[in-house]
Amino acid sequence: DDITRVQIWRYYRAGLSESLREISKSLPGAVSGDEVHRARLLKALHGLRSASLMVGLDRAPSLADHLRQAPTDQIIPGMTALLQAVRDSLPSLEAALMQSKSASVATGQQAGCVQVR
């Protein structure tokens, strides 16, 4: 229902914000080779991946998986691609989650199923 859609959107945005804050804090150290910061970065990427999978995103979780295994010199290019994928998906995701139940029924969409690239 509409309340659930709003809750999912808020939960995703909160999880995304938390993951992005942690990525921002840990990224400089991870790039410089600090293992503690790398571990924090990996944890934040896991959180971003999980939240993105929960709402039906496919490109961001895949990029996060690749980034978690990337060598240090590939972190920045991988992070750029990941952040762009998240940014690109937000308008479509918000539109899909915020559409009214009646609009879903009128267009023949199955309620509760969202997949965004």
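These legends go with several close-up views of a predicted model.

Residues are numbered from 1 along each chain as its sequence is written, and side-chain values use heavy atoms, with hydrogens and water left out. Because this is a predicted model, local features need pLDDT of at least 70 and side-chain atom pairs count only at pLDDT 80 or more, while totals for chains, interfaces and linings use all residues.

**View 1. Helices α1 and α4 run side by side in roughly antiparallel fashion.** Two packed helices are described by the angle between their axes and the distance between the axes. Here, the axes of α1 and α4 come within 12 Å and cross at roughly 170°. That makes the two helices, α1 and α4, roughly antiparallel. Axes are lines fitted to C-alpha atoms, for helices over the stretch in contact, with angles running from 0 to 180 degrees between N-to-C directions. Angles under 35 degrees count as roughly parallel, over 145 as roughly antiparallel, 65 to 115 as roughly perpendicular and the rest as oblique. Among the residues making the contact (heavy atoms within 4.5 Å) are Trp 9, Tyr 12 and Leu 16 of α1, along with Met 79, Leu 83 and Val 86 of α4. Helices themselves are DSSP runs (H or I, at least four residues), as are strands (E, at least two), and they are numbered from the N terminus.

**View 2. Helix α3 has buried residues along one face.** In α3, which covers residues 59-68, the buried ones are Ala 60, Pro 61, Ala 64 and Leu 67. Look down the axis of α3 and these buried residues fall within an arc of 125°, so they line one face of the helix. The arc is that of the directions from the helix axis to the C-beta atoms. What do the buried residues of α3 pack against? Their partners are α2 (35-54) and α4 (75-98). As for the wording, buried means under 20% relative accessible area, exposed means over 50%, and partly exposed is in between (1.4 Å probe, protein chains only).

**View 3. Glu 18 and Arg 21 pair up within helix α1.** Side chains of opposite charge can pair when their charged atoms come close. A salt bridge needs a side-chain nitrogen of Lys or Arg within 4 Å of a carboxyl oxygen of Asp or Glu, and the structure holds five of them. The two residues sit three apart in α1 (residues 2-31), so about one helical turn separates Glu 18 from Arg 21. Glu 18 is partly exposed at 42% relative accessible area, and Arg 21 is partly exposed at 46%.

**View 4. Arg 40 and Glu 22 form a salt bridge.** The N to O distance for this pair is 2.6 Å. Arg 40 lies in α2 and Glu 22 in α1, so the pair ties together parts that are 18 residues apart in sequence. Is Glu 22 buried or exposed? Glu 22 is buried, with a relative accessible area of 18%, whereas Arg 40 is partly exposed at 32%. Leaving aside residues up to four places away in sequence, Glu 22 touches Arg 40 and Ala 44.

View 5. Asp 65 is partly exposed at 28%, and so is Arg 68 at 29%. Salt bridges that share partners join Arg 49, Asp 65 and Arg 68 into one network.
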